[in-house]
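Please follow this account with the sequence and the model in view.

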Amino acid sequence: VGADLVGKVVHGLEEDDPRNPATIADNVGDNVGDVAGMGSDLFGSLAEATCAALVIASTSSDLLEAGWAALLYPLTISAAGIFVCMACSFIATNLKPVVREADVEASLKLQLISTTFLIVPCVIYLAKSLLPEHFELPSVVSGTIKASSTGAAICVSVGALGGLLIGLVTEYYTSHSYEPVRECAHVCKQGAAVNLIYGLALGYRSAIVPVYTLAAIVYFAFSLADLYGVALAALGMLSTLATGLTIDGYGPVTDNAGGIAEMAQLPAACREKTDCLDAAGNTTAAIGKGFAIGSAALVSLALFGAFVVRLGITDGVNVLTPLTFAALLVGANLPYWFSAMTMKSVGLAAAEMVQEVERQFKADPSLLDP
């Protein structure tokens, strides 16, 4: 905020201009948000989904009798994902290296698609090898449910393919290669008001396919293996986490490269190349955020299921109970409360940054000289 508002908007400086004292903070912030923040978010989702699946599995007498291999099937999904992502990393370095700026986005997307389709046969093999052919699981609807190794593998596969679909839809609505972003850019020329209206509409519309995809994943996974299936689907979506985080971290790396080029006053051609790479990085970073949001929805349901199963609740939760409904409203309000506090803190910090940048400009007016 300090770098963009004061430097670019108020004083007309170029982005990452070395005369702007907030430039370093801007580059650091990109790393904190897109690398550390997104990494911790997705790692948290992965750990929670794994714990939920393990807790639910431990309540199944059939899986307990089958031994450690069957109980630890959720961990083998993540382990297989690591090796698959490592193998697919050679696509961008050896099989199809990038030779033009326009190829960056396609190369990163190809890597994500290949890891997703390669993980599917791996989890099917692991399910057939580790899980019993048929096993009984606790159910929050009917007390118990009969599941199978095939059903468990399908749950993981549906989660992985659903995550890919969410990522591709996210890319469609955030990439300049497609119509929505181009329409939004055209609308920007007509003023801020129209831009806000169209941008909000575009954002709301972009959520349609991901929400239906999540609903379908939950339905199929729940039908095949109850809440254990939902936890496995979340693990399937996060099985390609290594590739997803690599793609997400590409954006701030190229953004920082552009900032260093600008501050070092390198030739304009160098900055043009980093800007092209940064544009592709911003789009691919959005794919990682799509994975984070989609997996969080599944993980929250899986964690709640693990809690309920562990308590032995088999008749569900009655929302019509006054206390339950009141608590539901309070719980739904908590994210807004927390977000309001966080955004206010960010606003106050940004205001201080703006004032400090303006103070330095006033203290040394020569900074603004061409």
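A cavity is a set of grid points where a 1.4 Å probe fits but cannot get out, and its lining residues have an atom within 4 Å of a point. The model examined here is predicted. It holds 1 cavity of 30 Å³ or more, and the largest cavity contains about 50 Å³ of space. Its lining is formed by Leu42, Met237, Leu238, Thr240, Leu241, Gly244, Leu245 and Phe291. Helices H10 and H11 (241-263) each supply at least two of the lining residues, and the largest share, 3 residues, comes from H11. By type, the lining divides into 6 nonpolar and 2 polar residues, with no charged residue.

Helix H10 (residues 208-238) also packs with helix H9 (residues 192-206). Two packed helices are described by the angle between their axes and the distance between the axes. For H9 and H10, the angle is about 20 degrees and the axes lie 4 Å apart. Because angles under 35 degrees count as roughly parallel, H9 is roughly parallel to H10. In this contact, Tyr204, Arg205 and Ser206 of H9 meet Ile208, Val209 and Pro210 of H10. These residues comprise 4 nonpolar, 1 polar and 1 charged.

The loop between helix H5 (73-95) and helix H6 (103-130) includes Glu101. Is Glu101 buried, exposed or partly exposed? With a relative accessible area of 30%, Glu101 is partly exposed, because that class lies between under 20% for buried and over 50% for exposed. Glu101 touches Lys273 and Cys276, leaving aside residues up to four places away in sequence. By contrast, His134 stands 33 residues from Glu101 along the chain, and their C-alpha atoms are separated by 51 Å.

Note on methods. Residues are numbered from 1 along each chain as its sequence is written. This is a predicted model: local features need pLDDT of at least 70, side-chain atom pairs count only at pLDDT 80 or more; totals for chains, interfaces and linings use all residues. Side-chain values use heavy atoms; hydrogens and water are left out. Axes are lines fitted to C-alpha atoms, for helices over the stretch in contact, and angles run from 0 to 180 degrees between N-to-C directions. Angles under 35 degrees count as roughly parallel, over 145 as roughly antiparallel, 65 to 115 as roughly perpendicular and the rest as oblique. Contact means heavy atoms within 4.5 Å. Ala, Val, Leu, Ile, Met, Phe, Trp, Tyr, Cys and Pro count as nonpolar, Asp, Glu, Lys and Arg as charged, and the others, Gly among them, as polar. Buried means under 20% relative accessible area, exposed over 50%, partly exposed in between (1.4 Å probe, protein chains only). On a 1 Å grid over the protein atoms alone, a cavity is a set of points where a 1.4 Å probe fits but cannot get out, and a pocket is an open set with protein on both sides within 12 Å along at least five of seven lines; lining residues have an atom within 4 Å of a point. Grid points are joined across faces, edges and corners, and a volume is the space filled by probe spheres set on the points.
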